[in-house]
Protein chains: 2
Amino acid sequence: MKIVALAGGVGGAKLADGLSRALPPEDLTIIVNTGDDLEHWGLKICPDLDTVCYTLAGLANPETGWGLRDETWNALGAVSELGGADWFRIGDRDLGTHLERTRRLRAGQSLSQVTADLCRAWGIRCTILPMSDDPVATIVETDEGELAFQEYFVHRRCEPRVEGFHLAGIESAKPAPGVLDAISRADATVICPSNPWVSIDPIFAVLASALPLPVGVSPLIGGRAVKGPAAKMFTELGLEPNPLSVAEHYAGAGLIGMMLDSVDAVWSGPIRELGVQPYVTDTLMVTPADRLRLAKAVLDFVHRLSKS
Amino acid sequence: MKIVALAGGVGGAKLADGLSRALPPEDLTIIVNTGDDLEHWGLKICPDLDTVCYTLAGLANPETGWGLRDETWNALGAVSELGGADWFRIGDRDLGTHLERTRRLRAGQSLSQVTADLCRAWGIRCTILPMSDDPVATIVETDEGELAFQEYFVHRRCEPRVEGFHLAGIESAKPAPGVLDAISRADATVICPSNPWVSIDPIFAVLASALPLPVGVSPLIGGRAVKGPAAKMFTELGLEPNPLSVAEHYAGAGLIGMMLDSVDAVWSGPIRELGVQPYVTDTLMVTPADRLRLAKAVLDFVHRLSKS
C-alpha cells in the first residue's frame, strides 16, 4: 500500500517516523510544509523539513523534538555577544545543515534536489519532499498586525491573538517535482497530527488537487495540542479545540477518516455524522514504540477504509 | 608617542597585543591586511582581522594562534558529513563572528564600521582598522597557476612553488576611513613580524603613501618563519630567508630601523650598510610576557630613532 503523508514539524515528524518503520521505503512519500521557512543570519532555514529529516535519521533531539541531539550552541552565543539576533535558536550542528543547504541553493540547486541529497547523506531511505521549491510564506494575521510565521511562533511566542492566515507567494508556487506523481500513485493520504492552519493548510493550498483517501490524525488531544499553538488558534478563531473541529477543517479536502485519541472518544459520533469515519486509539506519541504503534493503527484504518 | 602598526596574522597579532599593553589605547592604531579575506560558506571571512581582534581581546586559541579558545567544531563536522567544503576550518564560536559580520555587511555597513562595532563588543580599546573597505585579493602566482591566497595557504598547504604575487582589485581600493588620518598623526610605523609578501605588501599597496618612521621586526628567525610560508617564499623567489632580505624588501617603504633576533646578529652589519639601523634582541614571542617585552623594545628603538 503506497502512502503519502503530509507533515509539519514535531508531531508530523513522529508519525512520519512511525510510518517509515512500518512501510517499505519505496511505499512512503512524506510531503513537508515549507510555509514556515525563513531567511535568518543570511541562511535558508526550513524548520519543518529539518525536523522531519532529523527525526527520520534518528538525529533529532529527544527532549525538544526539534534540532539535533548532542547539540552545542556556541555560534549562537557568539552572535548574541556581538549584538546579533538570537531569538531564533540555531545549534552548531544544525547550523551546518543550514550553511550547506544555503550554499547548494545559491549554486542553483532546487530545494527538493538539496533535500534529496541531504536525506541520502543522512541515510533516510523513504522519500521526503518539500511541498514546493517555490517560496511560500505563512503570514499570521493577528491583533497586532501581520507576522511572518517564525516571528509569531518563536519571536513572539504565539502571544498575539490570531485573526486569520494567508500564504504569500501561493499564486505562483508549484508543487515540487515528484509531489503530484507520488499523490497519483498513492493509495491513501495520511494527514499527520500537525497544525491544521499553519502546517497542513499550506500543503493543501500548494497541491490544489484531489488527494487519494485522506485520513487525518487529530493533533488535538483532550482540548490541547501536544505541542504548538493549534488549540490556541482554534479557540481564537471561535472554534472549539477538538477532533470534530479538525475533521470539519479537513472536510474540504474530502476527509474519509479521522483518528482521535481515546480521551476524545465522545467526538466519534459527531464526526461520523459529518460523514467521516472515526477511529479511536491512543494517539499520544511519547516513545519511539508509540510512533510505530500509531503508524500501524493508521495503516490498519486506511486498509479498512480502502475496502469499504 | 603615537604608533601605527601594520599587521597580518599570528605574528603580527602577538606584537600588536604587546603594543596594546605598552601604550595608551588612544596612541595605537593597528592597520590589518585584508588581502587574504575570503568568501566561504557564503560568509565573509577576514582571517587576519579576526586573529588580531581575538588576540587583543584575549580570546585567541593559545595553541594555534588563530581561532578562538575553548572552540568546538560541530558546524564544520555537520557540513563535512553532508559533503560540503571542510578544508577551511571554521570553529563554532568563530562562525558566530563570520555570521554577524556578514549580516552587517549585507545590511550596508562597511568592513571598518563592522570591525569597530565588533571590537567594542570584545572590549578592545585601541583602534583596529582593516587596510581597506574595498575588496583586495592577494593572488599567489605558482608553478601550478594562480591561486587565491587561502587556496594556496590552507587548501594546498603552501605546497605549490611561488613565482610571484599580485593584488586583484588594488587599482580601485582606497584606504579604509581613519587609516590615512592615523598615519598622518603617527610618530612611527611598526611593521609587525608578519609575512612581507602577503601580509605587509598588500597594506603598503593600499596605503600608497609615505609612512612616518617605519621600523620593521623581522618575521624570520634563524632562516625560518615562526609560522607560515615566509621563509619558503623568500627561497622560492631566489632570496635568502634572513633579516637582510626582509630589510631590503622594505627599503622601498623608506625603512629606518630593523629589529632582528639575537640568533641573526650576524646580519646587523649588512643591514647597517643598507642605511637601515639594526636592533638585536630576542624577538621570538612564546608567552604573553614576551609580547610585552618585544613591544617595549620596539618602542625603545623607535624612541631612539626618532631622536637621531
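Predicted model: local features only at pLDDT ≥ 70, side-chain atom pairs only at ≥ 80, totals over all residues.
Residues are numbered from 1 along each chain as its sequence is written, while chains are lettered from A and ligands numbered from 1 in the order in which they are written.

**View 1. Strands 6 and 7 of chain A run antiparallel.** Here strand 6 (residues 137-142) is joined to strand 7 by four bridges. Strands are DSSP runs of E with at least two residues, helices are runs of H or I with at least four, and both are numbered from the N terminus. Two strands pair if DSSP finds at least two bridges between them.

**View 2. Three strands of chain A form an open sheet in the order 7-6-8.** The pairing is antiparallel. At the edges lie strand 7 (145-148) and strand 8 (162-168), each pairing on one side only. From one strand to the next, the twist averages 25 degrees.

**View 3. Helix 8 of chain A lies across strand 6 and strand 8.** The helix runs at about 35 degrees to strand 8 of chain A. For such angles, axes are lines fitted to C-alpha atoms (for helices, over the stretch in contact), and values run from 0 to 180 degrees between N-to-C directions.

**View 4. Domain 1 of chain A meets domain 2 of chain A.** Domain 1 spans 3-132 + 175-307 and domain 2 spans 137-168, with bounds from an automatic or database domain assignment. Their centres, taken over C-alpha atoms, are 19 Å apart. Fourteen residues of domain 1 and twelve of domain 2 make the contact, which requires C-beta atoms, placed from the backbone, to lie within 7 Å. On the domain 1 side, helix 8 (196-207) and helix 9 (230-236) each supply at least two residues, and helix 8 gives the most, with four. That side has ten nonpolar, one polar and three charged residues. Ala, Val, Leu, Ile, Met, Phe, Trp, Tyr, Cys and Pro count as nonpolar, Asp, Glu, Lys and Arg as charged, and the others, Gly among them, as polar.

**View 5. Chain A touches chain B.** Each chain brings 24 residues to the contact. In chain A, helix 3 (74-81), helix 4 (92-106) and helix 5 (111-121) each give two or more residues. Helix 4 gives the most, with ten. The chain A side divides into nine nonpolar, nine polar and six charged residues.

Note on methods: Contact = placed C-beta atoms within 7 Å.
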